[in-house]
Amino acid sequence: PQPVINGYRNKSSFSVNRGPDGNPKTVGLYVGTGRARNIVCVRADCMKNIPAKHKQVAQRYEQFLRLSPLEPCILFHRGGHWRELIVRTNGRGHTMAIVTFHPQQLGQEALAAQKASLKDFFTSGPGAVCALTSLYFQESTMTRCSHEQSPYQLLFGEQHIFEELLGLKFRISPDAFFQVNTRGAEVLYQEIGKLSQAAGDTILLDVCCGTGEQQPNPPCSPHPLSRVIGIEIVEKAVEDARWNAAFNGISNCEFHTGKAETVLPPLLSAWQDERPLVAVVNPSRAGLHHRVVRAIRNCRAIRRLLYISCKPEGEAMRNFLELCCPPDARRELAGGPFAPALAVPLDMFPHTEHCELLLLLTR
């Protein structure tokens, strides 16, 4: 169970599309399916898991769109510009808003005018009531675009928001991964600390580490860890992780930027350390790349593996089978198989049918 069940989300994504009344400048969440061609965008007013602050920013963004002479970008090939809104908040109410914009054929002068209009709306116009801590703008010609592909442009305010988790302070960039349920994340990390059975000489390998919440000395671990090695694909998240470790006075961490399937195999193939090695993986819904599974499976030093999944019935099941099957030369799975020892479902997403599954695998 979770300590907070209403308004717990610290990050919400709002789409822009036609509403029930046909207005294409509606900001909210999708109802319906693409296959049935009945998608409609409805306001998030009644959603119990979204905090009031997020709803307020979405409502003001919708107001801004309806005042703007530019059309929304619903289908890239049909033109339009204004796209989704992401809102992030912390426990102190600080609020970061990120607006995505398709530039189409607009020149730099026209783009600058739109950015100025958006900034004015949220600083001195009707949107000022939201009291944003920061406002970001991203020009994107793709469905999802990283900071490296198209930088997040700070229109005003602070570069980051900060969150406290288990007595530590964390810096969060616009595109950095951070568990959407902060208080629920504390429950999750406390469970990880117990199940890792880490002693003072343990090394923790954190794959898909985000902003580095798995620090070596938090209350979630009964013993300070010897060393933490984090791997994360988002460059800004790694910058946050390094800042977080330094700010919290933690020196025995190292973080690697890159795809796990690129970074992890050479790291583990050359592993010589005799200290206990515990791995924690927290992949996206797509699961772990086969090269990551193979590297973990073939590293005999890893006897304990904690797999975190928000969709265990999906691609993660493929990972479970590869980790637990007998050695398979054809798939280059040479190490001994893991066995599922314990599954802990956490109600990280109250008011939905989903849960976060913490699966302990041992060998």
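The structure is a predicted model, in which local features need pLDDT of at least 70, side-chain atom pairs count only at pLDDT 80 or more, and totals for chains, interfaces and linings use all residues. Residues are numbered from 1 along each chain as its sequence is written, and side-chain values use heavy atoms, with hydrogens and water left out.

The sheet is open and holds 7 strands in the order 3-2-1-4-5-6-7, with mixed pairing. Strands (E, at least two residues) and helices (H or I, at least four) are DSSP runs numbered from the N terminus, and two strands pair if DSSP finds at least two bridges between them. Strand 3 (40-42) and strand 7 (153-157) form the edges; each has a single partner strand, so one side of each lacks a neighbour in the sheet. From one strand to the next, the twist averages 35°. Strand 1 (residues 11-17) and strand 2 (residues 26-31) run antiparallel and are joined by 3 bridges; Val16 stands opposite Val27 in strand 2.

Helix 1 (residues 52-67) lies across strands 1, 2, 4 (82-89) and 5 (95-101), and runs at about 155° to strand 4. Such angles run from 0 to 180 degrees between N-to-C directions, with axes fitted to C-alpha atoms, for helices over the stretch in contact; contact means heavy atoms within 4.5 Å.

Further along, Cys310 sits in the loop between strand 14 (302-309) and helix 7 (316-324). An unreviewed UniProt entry annotates Cys310 as "active site"; such annotations may be inferred rather than shown by experiment. Is Cys310 buried, exposed or in between? Its relative accessibility is 23%, so Cys310 counts as partly exposed, that is, between buried (under 20% relative accessible area) and exposed (over 50%), using a 1.4 Å probe and protein chains only. Leaving aside residues up to four places away in sequence, Cys310 touches Arg285, Phe349, Cys355 and Glu356.
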